[in-house]
Amino acid sequence: MTVTNNNLLVRPATEADAGPLIGVLAEAFHEGPLAEWLIPDADERRTVYYQYFRDAFYHGVEHGQVYTTSDQTAAAIWYPRLEPTPTDTRQRLEALERIAGVYAPKFVLLEEMFDAFHPDDPHHYLAYLAVDPTRQNRGIGAALLADYHRRLDQLGLPAYLEASNTSNRRLYLRLGYTAGPTIVLPAEGPIIWRMWRGAPTTTGGRTPFPRTRPRRRSL
Ligand SMILES: CC(C)(COP(=O)(O)OP(=O)(O)OC[C@H]1O[C@@H](n2cnc3c(N)ncnc32)[C@H](O)[C@@H]1OP(=O)(O)O)[C@@H](O)C(=O)NCCC(=O)NCCS
């Protein structure tokens, strides 16, 4: 159990946390180069993001591991990926069209590229980390990560994530991640950094980078 430097308890999230945590995710991800690339109009982005993160939250609770703080101002959605996990591409395409409407093609492209460059080595994948914008820069995000890293270190497993800007990349570098080759999104899209945190007990400093060619798949 981790207590942040704001005396917040880090705990697993359940469906009962849906309301506040979907809001935290949608608002935290609302700004930034990736968000603006996905949906340039801020109002439309907010509408789509609430639906997108509603889907992401419930998927995380059902299939992954979601953590929050006792005041519900932060969310981390992790997925154990102990072997390569194929995506049901048709189902996902339909879901993204339902969620994002006319903006779906860029969401599809983003997920397709993330998927294509995903490492095959066993690891846990940090799909989303979000702190309420009014509570950022107080150590909450770092505390959520440290809590999960402790668990991974006990299991001897690495962590993988995609950093979407230089600010969050800085946080991950501080917490022991190595930046691998970037993903450059087309149509003047932002740069994404693939980041890996090795498990000291098993894989040491070895990283699965670089994969020279993307894995299969097209939606
Ligand atoms: C990234 C984030 C989870 C960090 O949580 P936090 O509680 O604000 O961070 P901490 O106080 O523990 O650590 C501060 C560091 O977080 C990063 N950070 C802070 N605010 C950020 C923001 N709005 N966007 C991206 N990174 C941010 C910076 O690296 C900062 O360190 P710095 O002093 O060198 O700038 C949080 O800021 C957030 O939700 N940002 C928007 C969504 C996002 O970028 N999520 C990560 C996706 S890969």
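Student: Which helix gives the most residues to the shell around the ligand?
Tutor: This is a predicted model. The elements that contribute two or more residues to that shell are strand S5 (123-131), helix H6 (140-155) and helix H7 (166-174). With four residues, the one that gives the most is H7.

Student: How many residues surround the ligand, and which are the closest?
Tutor: The shell divides into nine nonpolar, eight polar and two charged residues. In total, 19 residues surround the ligand, and the closest are Gln-136, Gly-141, Ala-142, Ser-167 and Leu-171.

Student: Which residues of H3 are buried, and what do they pack against?
Tutor: An α-helix has 3.6 residues a turn, so residues three or four places apart point the same way. The buried residues of H3 are Arg-45, Val-48, Tyr-49, Tyr-52, Phe-53, Ala-56, Phe-57 and Gly-60. Their packing partners are helix H1 (18-28), helix H2 (33-38), strand S3 (65-69), strand S4 (74-81), helix H4 (89-100) and S5.

Student: Which residues have the most contacts inside the largest nonpolar core?
Tutor: Of the 219 residues of the protein, 31% count as buried. The largest nonpolar core has 47 residues. Leaving out residues up to four places away in sequence, Leu-144 touches Val-10, Tyr-67, Ala-74, Ala-76 and Leu-129. Those with the most contacts inside the core are Leu-25, Phe-53, Ala-75, Ala-76, Ala-130 and Leu-144.

Student: Is strand S8 mostly covered or mostly exposed?
Tutor: Strand S8 spans residues 191-197. Five bridges join it to strand S6 (residues 159-163), antiparallel, and Tyr-160 stands opposite Trp-196 in S8. Another strand, S7 (residues 178-184), is also joined to S8 by five bridges and runs antiparallel to it. Six of the seven residues of S8 are buried, and the strand is mostly covered.

Student: Which residue in the turn between S7 and S8 has a positive phi?
Tutor: In S8, Ile-192 is the bridge partner of Ile-183. S7 and S8 form a hairpin with six residues between them. The turn residue with a positive phi, about 55°, is Ala-187.

Conventions:
Residues numbered from 1 in each chain as written. Predicted model: local features only at pLDDT ≥ 70, side-chain atom pairs only at ≥ 80, totals over all residues. Near = placed C-beta within 6 Å. Nonpolar A, V, L, I, M, F, W, Y, C, P; charged D, E, K, R; others polar. Buried ≥ 20, exposed ≤ 12 C-beta atoms within 10 Å, placed from the backbone. Contact = placed C-beta atoms within 7 Å. Core = buried A, V, L, I, M, F, W, Y, C linked by C-beta atoms within 7 Å. Pairing = 2+ DSSP bridges.
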